[in-house]
Structure formats: structure tokens, C-alpha cells
Amino acid sequence: MKVKPDIRLIAIDLDGTLLDQDRKISQENKAAIAAAKDQGVLPVLTTGRPYPGMVGYLEECQLMEEGDYCITYNGAMVQKTASQEILRKHTFTKEEIQSIADLLADLDLPMSAIGMDTIYESNPPQGKPSYYRDMQPLLPVVENVAVKDLEDIAKIVSARPQAEIERALAQIPQAYQDHFTIVRSRPNLVEILAKGVDKASGLNMLAQELQIKPSQMLAIGDMGNDASMLTYAGIGVAMGNAPEAIQEISDYVTKSNQDHGVAHAIQKFVLK
């Protein structure tokens, strides 16, 4: 019988990965996460969402106990789930916020700035509201916020139809790509973070805290914002519903998020 790798941590993306198309977690996925935890392996929900937008899933997976962690804002924040103690928090300077606002205005895209528990929206281009509030219905929204008044912002996003996002991504100047981390977390969503902030950097910080090697990690994801952790972890697993580019950089392609792909990956690489 083939010996399974020594996996001590499983980084699991939420949307398009752990969650199905109805934003639900299947019983199969929950059972696999519980079995891994019983085996002494640490499941870590690793998402672009703010903490208030994912805490319900932590509770559902019983990952709110002492010794549990989560990574939010695509790596900008790492915290203990039980106490909510923050181990890492990376936010923008006011100058960076203004620079991103100028970029999105040039690209004719709306701007949603994500604080610790609130979505702040500046005035959108005519007829082009941001869809992000619909993606995160648990967060309150403050409209018509002046850019100069924004602070304690961990990421800035723009959610519009896929064709608009693809057009905009192709037009982002190299200077912005060099200064910020710019990722596509859904077909219709682009996210901007501080340079050096991504899911891999969040995992690296947690690895140092827990003295776990990257080779002892399994990462499961489906989109561009997962790419960094899929290549950082010892085993990177792409969902069956992931774009081809994400599947190509991964070590293994599991089943889709509709077919309990997370459970399949955990069973294959972790459970004994």
C-alpha cells in the first residue's frame, strides 16, 4: 500500500472550491474536514472574503476551536478563529488607496473598498455599479464614500461582467502590476492587494507560527487568487471546475465543487 504524504495543514479556498454553486458545503466535504482534523491535520479556510463573510462557514465546519486559524482577504489577514486574535494584518496607505482609485477610474470600473467589516463604495461610473455587494450580502455597504476618507482597507475590488473585467485586466499598466498584487478571484471579480500579499504569503506566515514546512501542506483552490498557494504548498490541488491555467500549475486535479472535490482530495492525500 502506497504511503501517503506527511500532510499537517490543508489550505482550502471557499468560493468555487469548498462551496457549491449555491454557496453550500456538502456533507461529504464537512465529513472529510472533520476526519482530517481528528487525524491531527489542521484545516485552514483560506479565502478572499473578509472574516464576517466567512465566519458562518467556520462554524459549520467546526473550525472555531482553540488551535484553529483562518486566512482572509487573500492573505492580508491571518487570525485565530476562537479568539479572533490577529496574527497578520496588512492594509493600504492612503496614497495607495488613491492610486488604485485613479486606476479603476481610468479603466471605467467601479470601486469597492473592503474594510474590517464593511464594504465602502465610491461613486461608480455612470451605469456601472459594482456587483460586489451581491457577492457578500452579509457585509453592510456604505455608499458614496470619498476616497480621501477611506482607511484601514485590506483590499480593493471591482465586480462587473466577465467581459468588462477581462478588458480591464488587459489594460492595467505594468507600473501598477509591479506595485500591487492584482488577482482574479472569480470570472467577474478583480481584486487588488498590497504587493507581496497573497494566499501563499498568509500560509508562509502561518507556517512559521506553527513550524510547519510548505512540503507538509495541501492546498485546494480554483481561481487565479489561489495560484500562489497552489504552487507554494507541497501538494497543490486544482478543482475540476478550475480554469485550464490553474489546473496546469497544480499537482493534481480533483472533482468539481459540485461533486465534493475537496473531500476527494482529502481522502486521496490525507486520510489514512
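I take domain bounds from an automatic or database domain assignment.

**Basis.** I work on a predicted model, in which local features need pLDDT of at least 70 and side-chain atom pairs count only at pLDDT 80 or more, while totals for chains, interfaces and linings use all residues. I number residues from 1 along each chain as its sequence is written, and side-chain values use heavy atoms, with hydrogens and water left out.

The contact (heavy atoms within 4.5 Å) takes 17 residues from domain 1 and 22 residues from domain 2.

I then looked up the buried area, which is the accessible area (1.4 Å probe) that two parts lose on being put together, summed over both. Domain 1 and domain 2 bury about 1,500 Å² between them, with 57% of it on carbon and sulfur atoms. Of the area that domain 1 buries against domain 2, I find 31% supplied by Arg23, Tyr73 and Met223, more than any other three residues.

I count 2 salt bridges between domain 1 and domain 2, each requiring a side-chain nitrogen of Lys or Arg within 4 Å of a carboxyl oxygen of Asp or Glu. I also record a salt bridge joining the side chains of Arg186 and Asp15, at 3.4 Å from N to O.

**Cavities.** I searched the whole structure and found 2 cavities of 30 Å³ or more. A cavity is a set of points, on a 1 Å grid over the protein atoms alone, where a 1.4 Å probe fits but cannot get out; lining residues have an atom within 4 Å of a point. Grid points are joined across faces, edges and corners, and a volume is the space filled by probe spheres set on the points.

The largest cavity has a volume of about 120 Å³. I find 14 residues in its lining, with Asp15, Gly48, Ser185, Arg186 and Glu191 nearest its centre. By class, this lining of the largest cavity holds 2 nonpolar, 5 polar and 7 charged residues. Domain 1 and domain 2 both give residues to the lining of the largest cavity, so I place it between them.

For the second largest cavity I note a volume of about 40 Å³. Among the residues that line it are Leu103, Leu107, Ile165, Ala168 and Val190. The lining of the second largest cavity has 10 nonpolar, no polar and no charged residues.

How values were computed. 1 Å grid on protein atoms, 1.4 Å probe; cavity = no way out; pocket = protein on both sides within 12 Å on 5 of 7 lines; lining within 4 Å. Nonpolar A, V, L, I, M, F, W, Y, C, P; charged D, E, K, R; others polar.
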